[in-house]
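Work through the exercises below with the sequence and the structure open. Each task is followed by its solution.

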Amino acid sequence: MGATSGISALTLLQCFSKSHTLSLSPFRTLPRLKCSFSSSINFNISFAPPKPKPKPDLDSQPDPSNDPDGPLLIPWIVRGEDGNLKLQSEPPPSLLKAIATAQTGTKKDRNQTKTTAATTKPQKLRATAPPHHSKAARRFYNQNIKESSGARLSKVLAASGVASRRSCEELIFEGKVTVNGSVCNTPQTRVDPAKDVIYVNGNRLPKRQPQKVYLALNKPKGYICSSGENESKSVTSLFDDYLKTWGKKHPGVPTPRLFTVGRLDVATTGLIIVTNDGDFAQKLSHPSSNLSKEYIATVDGLVYKRHLIAISEGTTIEGVHCVPDGVELLPRQADMQRARIRIVVHEGRKHEVRELVKSAGLEIHSLKRVRIGGFRLPPDLGLGKYIELNPTNLNALGWKS
């Protein structure tokens with residue numbers, strides 16, 4: 001400012017009268033001034049417009065080759081299809097897809113998501129989809145951890161009629177079962193008969209499995225509830241005619257292996273369920289089903305009130321005190337000389353009803369089971385006869401087919 005103060009006002013008026021433009025070239029710090037003079041004492045001073053800055057080209061990208069240090073490389077460590085780690089210069093496609101998916105959400109959707117999250121009560125997080133892992137990790141998970149759609153090998157063999165579940169496990173342990181050409185020694189191996197090639201003792205297992213069979217039998221006296229060889233007759237022998245006609249009714253389907261649900265001793269008659277469905281049998285015979293069972297005990301001698309009280313108080317069987325659900329003396333029938341007692345139990349321990357009657361000082365002449373859960377033995381079903389259970393009967397037994 002000291003240099004500019006040396007210019008007199010007279011010099012400026014002479015410049016304005018000649019309509020010349022004053023350019024102070026020696027003073028580079030001052031901007032260029034354009035001055036004009038008029039009759040009035042008003043000054044019109046304006047600055048020259050600044051030079052426009054070049055607009056950057058959005059479409060053009062910097063050439064990495066011009067960089068003296070070379071192009072910038074970001075290493076990415078990814079797992080290849082063979083399961084090995086490798087180094088590449090491009091991000092994995094899954095990351096690019098995730099970024100593109102995250103950027104497609106609109107502002108309205110984000111606001112709606114925030115509103116929903118604010119109004120919804122916090123809940124425990126539950127996995128709705130398996131996490132994204134490498135192909136090798138997914139293969140290991142599917143082969144060793146995740147249960148496939150097939151069934152256990154021992155269960156498939158038993159359902160195909162090879163033998164009982166335990167006998168099938170023994171065959172597997174002995175190396176007599178092959179799956180897809182390899183000997184399998186693990187009963188828990190999950191297989192699919194429709195896809196896997198299974199051989200047992202050199203015989204090919206059929207691809208089709210027999211359908212589930214549910215039968216109600218009026219067991220006669222003298223038969224045991226076992227499929228093994230024994231001196232007494234087996235209950236399953238009463239279904240020989242049924243199994244012989246199976247091939248005609250179901251061509252191409254193997255004959256089912258039938259077994260009883262629970263047991264009745266050789267001297268007890270009445271209702272017993274026969275099936276080839278292992279899950280159904282386990283459900284009905286397990287104590288958690290809490291199915292009541294009704295028996296009619298025909299006893300020798302006279303029955304008094306003290307006998308009924310003694311039965312209702314229960315008895316100890318194998319260290320467990322068993323108490324019946326109900327005890328009732330039935331009216332005497334004209335064609336029967338002996339008294340009948342209706343006893344309802346739900347635990348179903350071995351010889352439980354016989355032990356209850358014996359503890360009361362009575363002797364059983366005959367014992368018959370007439371009901372399991374909500375299913376009652378049809379009164380017109382003769383000894384040794386059976387009927388197929390329909391969905392209504394199965395629901396009465398607490399099974400939803």
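This is a predicted model: local features need pLDDT of at least 70, side-chain atom pairs count only at pLDDT 80 or more; totals for chains, interfaces and linings use all residues.

**Exercise 1.** Which residues have the most contacts inside the largest nonpolar core?

Solution. The largest core holds 31 residues, and Phe239, Ile341 and Ile343 have the most contacts inside it. Next, look at the elements: β11, β15, β16, α10, β20, α11 and β21 each supply at least two residues. Strand β20 gives the most, four residues. Beyond its neighbours within four places in sequence, Ile341 touches residues including Tyr295, Val299, Leu308 and Leu362. A second, separate core has 18 residues, among them Ile273 and Leu389.

**Exercise 2.** Which parts of the chain does the salt bridge between Asp300 and Arg338 tie together?

Solution. The closest N and O atoms of Asp300 and Arg338 are 2.7 Å apart. Asp300 lies in strand β16 and Arg338 in the loop between β19 and β20, so the pair ties together parts 38 residues apart in sequence. Asp300 is partly exposed at 29% relative accessibility, and Arg338 is partly exposed at 35%.

**Exercise 3.** Which residues are linked with Glu328 and Arg342 in a network of salt bridges?

Solution. Arg342 and Glu328 form a salt bridge, with closest N and O atoms 2.8 Å apart. Arg342 is in strand β20 and Glu328 in strand β19, 14 residues apart. The network also includes Glu294, Arg371 and Arg376.

Terms used: Residues are numbered from 1 along each chain as its sequence is written. Side-chain values use heavy atoms; hydrogens and water are left out. A nonpolar core is a set of buried Ala, Val, Leu, Ile, Met, Phe, Trp, Tyr and Cys residues joined through side-chain atoms within 4.5 Å. Buried means under 20% relative accessible area, exposed over 50%, partly exposed in between (1.4 Å probe, protein chains only). Contact means heavy atoms within 4.5 Å. A salt bridge is a side-chain nitrogen of Lys or Arg within 4 Å of a carboxyl oxygen of Asp or Glu.
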